[in-house]
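Colleague: I have a few questions on this one. Can you put it up?

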Amino acid sequence: MTHNTDPFQDSQLSDLFANFRPQLPSTELFSERLRLKMEAIDIVQQKQKASKTRYRAALIAASVSGCIVGLLLGLMIPNMMRLISNLHFPAMILFDFDITTVAIWSVMVSATVTLSINVFSLVNSRLQPGGQSSL
Amino acid sequence: MLPEQFAKQVKKSQEPLRRFLVALCCGDAMRADDIAQETLIKAYLGCERLANDTQFEAWLYRIAYNTYLNHLRQERPTFCLAEAAKVSTQVQADDAFKYQDLYIALRQLSDKERGSVLLFYLEGYSVEEIAALTESSVSAVKQQLSRGRTHLRAIILTNNDLKQ
């Protein structure tokens, strides 16, 4: 803030505003209101921070478990292929393409996705303060 | 800026800011206080981004001015000037109406003129600082100040003549 000598300086107006001391509503009430709001903001910010950390942890757990299960199921593909091809379902004649591969991949993807989602919600609810498993 | 430093700065700047907003709201102290609260909350939320403490006041006034403009956009209250003038003459002895003439005069200025005039005459900011604060050009601020001063002087002179 600088008090300068601009051509806009006007003694009459400056005097008018220099004596401007309006009665303000209670400063204590104002400060108290502000303090309460600031405390509320702090609480919300802390909760947001905790929730972000929780989400990150749940996301990491879900990704890791998804990768492990996907990898394990992937290693089991040859065995599953052999098992299904030995079963000889009569309905399999209806399809022109290799239905076995499609079935195995569908099972693998749905198992991995379901597990990841469940791990995410489990970790997320466990990490909540006083949290219980949602499963 | 740390929250502790913020609290200290707020304690210092709170009253001048509230006075400025009372003038900007033409005497509506409750509305001014609501804007002041909103300003200080916005400042609190953004205080970590403010690197230079010496710019705190100018930064606070910029937030206050923008918050005031947002309030204006949200609600355009209808105000009968003739009725306000009547009230002021009836209860002139009351301390709360001490500045009623000034408020009525300020109300007749445009929002931008009022902001510039108050920042210049009440808060002592320079034209360049006001331009930075209100995000306007220096020439625009000079024009607002010139018009605002002319209007304000004319209104105050007319009011004084009417009283005599």
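Colleague: Helix 6 of chain B first: how many of its 12 residues are buried?
Modeller: Keep in mind that this is a predicted model. In helix 6 of chain B, 11 of the 12 residues are buried. B:R114, B:L118 and B:Y121 are among them.

Colleague: What span should its 12 residues have, and what do the end C-alpha atoms give?
Modeller: Helix 6 of chain B covers residues 111-122 and should span 16 Å at 1.5 Å a residue. The end C-alpha atoms lie 15 Å apart, which agrees. Just after the helix, B:G124 has a positive phi of about 80°.

Colleague: What does B:L106 touch?
Modeller: Leaving out residues up to four places away in sequence, its contacts include B:R114 and B:L118, as well as A:F17 from chain A. B:L106 and A:F17 are also among the residues that touch the most other members of the largest nonpolar core, which has 61 residues. Helix 3 of chain B, residues 56-74, gives the most to this core, with 10 residues.

Colleague: On to aromatics. How many pairs are there over all chains?
Modeller: The count is nine. In one of them, A:F20 and B:Y103 have ring centres 6.1 Å apart and planes at 90°, so the pair is edge-to-face.

Colleague: Why does that pair join two chains?
Modeller: Because A:F20 lies in the loop between helix 1 and helix 2 of chain A, while B:Y103 lies in helix 5 of chain B.

Colleague: Are those two buried or exposed?
Modeller: Both A:F20 and B:Y103 are buried.

Colleague: Which charged residue lies over the face of A:F30?
Modeller: B:R18, at 4.2 Å from the ring centre.

Terms used:
Residues are numbered from 1 along each chain as its sequence is written. Chains are lettered from A and ligands numbered from 1 in the order in which they are written. This is a predicted model: local features need pLDDT of at least 70, side-chain atom pairs count only at pLDDT 80 or more; totals for chains, interfaces and linings use all residues. Side-chain values use heavy atoms; hydrogens and water are left out. A nonpolar core is a set of buried Ala, Val, Leu, Ile, Met, Phe, Trp, Tyr and Cys residues joined through side-chain atoms within 4.5 Å. Buried means under 20% relative accessible area, exposed over 50%, partly exposed in between (1.4 Å probe, protein chains only). Helices (H or I, at least four residues) and strands (E, at least two) are DSSP runs, numbered from the N terminus. Contact means heavy atoms within 4.5 Å. The expected span of a helix is 1.5 Å times one less than its number of residues. Rings of Phe, Tyr and Trp (its six-membered ring) pair if their centres lie within 6.5 Å; planes under 30 degrees apart count as stacked, over 60 as edge-to-face and the rest as tilted. A charge sits over a ring if NZ of Lys or CZ of Arg is within 6 Å of the ring centre and within 35 degrees of the ring normal.
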